[in-house]
Amino acid sequence: MALSIISFSGVSFSMFIRLTLFFISALSAIGLGFFLPNRLISLFFHYSGYYFIFFAFILWGFLVIELIKNNLLRQIKEHSAAFLIAAGLMFLIFHMSPPKFKILADEINLISVSMAMHQNKTASMPLEGLAVEYYPFDYKQRINPRPLLYPFVVSIIHSLFGYSPYNGMVVNFLFGICILFLIYILISEVFSIFFGIAAMIITASFPVFIFWVTSSGFETINLFFIIVVIWGLFLFLKSREVRYAEFVLVSLVLLSNCRYESALFFFPLIFLTPLFFNKHIIAAYRIYVLCFPLFFLPLVWQRQVAFLDPFVRGDMGLETTGHTFGITNFMNNFSQNIFVLTGANTDFGFLLLIFIAAVAGIYLSIKKLLFARNAISPINQSLGLYITISGVLLFTLYTSFFWGQFATDINNRLAMSMLPFIIFPAVYFMYRLFHQRIQTAGFLLLFLLMAQMVYYWPVAAEQRLLKRNALHCLNEKVTRYLYQHYDMKNEKLLLISDRPNLFVIHRIGAIGFQNALKNQKKLHYLDNVYYDHILVFQKCNPITNEVQPDNRLNEGFQLNEIHRINVSPDYYLRVSRATCRRPASLL
């Protein structure tokens, strides 16, 4: 009887197969993610993490092409001017505020992971290594606690245009254009093209956007995928077609692989479950899309073995902080974070007038919802519910985090993700105010928005919030010295430094002092047959001129001082050319 029912209804059988596959994928992801020994997790992540993110990105790209292929030429013709405006704004932003590393350790670690992906198809972070061409990828590696999507995208740029440690800034430039253009597309479809242009100008006006789009961090791609998910959800609510539902689900997977906390954008879908998981749409999902839970495995593995690693927690300052997330943190950070978002002090990157407009937009939305709910389309009700819940959850999570203070230089980047939840209600307020007066007052509104942008861009360019410390100076001055005095592409260099991870991204040899002492025999051999220069960078006391104890080498290294780099009042760098003598055991 059961067999006849299954064979009688093709839809029921199709839905049964898809549900079974989804639950098998979900249970497999849970089992492989949480119940494997840490040693196996580390190996699986190191060797397979790249391929998981590769296939997830390919699947997403396939879905994007499928969505736009039928009307691509029409879209290009209709929106080419807006795209040129987005590209022009991004060009001006990068000219006005030249890109550079902002959060040095995080951003360099991300680039080093992209180097490993490009050269070795592994997902761990190179710390130090000899960089000898005829050896295998010989870097000492450790799992980086940051998700993999951003370094993977940077590795694509390496593949297309050649490796450069500054390709992360190229990625952010391209995704910055995409953010402005996608906000324009979304607002144009919800309201009109005029307000799409206005939203693009507003976004480009925020100093916080300029702070981080001109960095080499993952905040820009995270913001892009937040907007992609909202846009995809809007298209799905409007059409109820399964291809848009698939696009939203896979976009959420990639968003989760931008920053850990972005996984929470899945949770508001609970309120839209009848739309995403009814019998008709489940039967229409393509089988490979329903395997999406498996793409979370690298994220889970990373959390298991990297974020909880004592070294990582110590490096983040979490060993002595108590709870990483908690109510106490929320109470301590709440008022300060609200103050940052208000834009009362633009040094933190936000705009007061836009915040006021956003509050007015929220007020008008609530008023309409309470007293004229029937006038709001079901599409806008569902989209507004998703955006509201996502924004509240994201703010609550950030504010509950010990390091969730938007007013500090290293954590201000978290606030960039809050931009859509301010811009959307602000544009709604402007729409309510001007949509019937566009012919008479539209030009004035755009003029005022552009005037605001020009007025606040100097704040963005100055970036007073982002303090420069000794590590930034060390990195910039050492890098400048190397590129000015050596042919970094053709000469074979080995650096001995107490921060070798800063320099491995230049694809030169870089090792620490302990590693150099341990491998003195190998260095003597390579000094003779491979390296053009072995350079030693030692921190010295500016008063006594003595080398710091942990920066010393033994008599097996003959050092010839060639340069001095002033870094801070606490120390300077002594640059020496080293000759590795034959170890006593070989004499």
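**Close-up views of the predicted model**

View A. Leucine 19 counts as partly exposed, at 31% relative accessibility. This residue of the predicted model is found in helix H2, which spans residues 10–34. Together with Phe23, Leu27, Ile30, Phe34 and Phe35, Leu19 forms a nonpolar patch on the surface. The accessible area of these residues together is about 640 Å².

**View B. Cysteine 178 and cysteine 258.** A search of the whole structure returns zero disulfides. The cysteine sulfur closest to that of cysteine 178 belongs to cysteine 258 and lies 13 Å away, too far for a bond, because a disulfide requires the two sulfur atoms to be within 2.5 Å. For cysteine 258, in turn, the closest cysteine sulfur is that of cysteine 178, at 13 Å. Cysteine 178 is partly exposed, with a relative accessible area of 31%, whereas cysteine 258 is buried, with a value of 1%.

**View C. The open five-stranded sheet.** Five strands are arranged in the order S4-S3-S5-S7-S6, and their pairing is mixed. Strand S4 (509–511) and strand S6 (557–568) stand at the edges; each has a single partner strand, so one side of each is left without a neighbour in the sheet. On average, neighbouring strands of this sheet are turned by 20 degrees against each other, direction ignored.

**View D. Pairing of strands S5 and S7.** Strand S5 (residues 533–540) pairs with strand S7 (residues 571–580) in the antiparallel sense, over six bridges. Phenylalanine 537 stands opposite valine 575 in S7.

Technical notes. Residues numbered from 1 in each chain as written. Predicted model: local features only at pLDDT ≥ 70, side-chain atom pairs only at ≥ 80, totals over all residues. Heavy atoms only, no water. Buried < 20%, exposed > 50% of the residue type's maximum accessible area, 1.4 Å probe, protein only. Patch = residues over 30% accessible without salt bridge, like charges linked within 9 Å, V, L, I, M, F, W, Y side chains within 5 Å. Areas by Shrake-Rupley, 256 points an atom, 1.4 Å probe, with all protein chains shown as cover. Salt bridge = Lys/Arg side-chain N within 4 Å of Asp/Glu carboxyl O. Helix = DSSP H or I, 4+ residues; strand = E, 2+ residues; numbered from the N terminus. Pairing = 2+ DSSP bridges. Axes fitted to C-alpha atoms, helices over the stretch in contact; angles between N-to-C directions.
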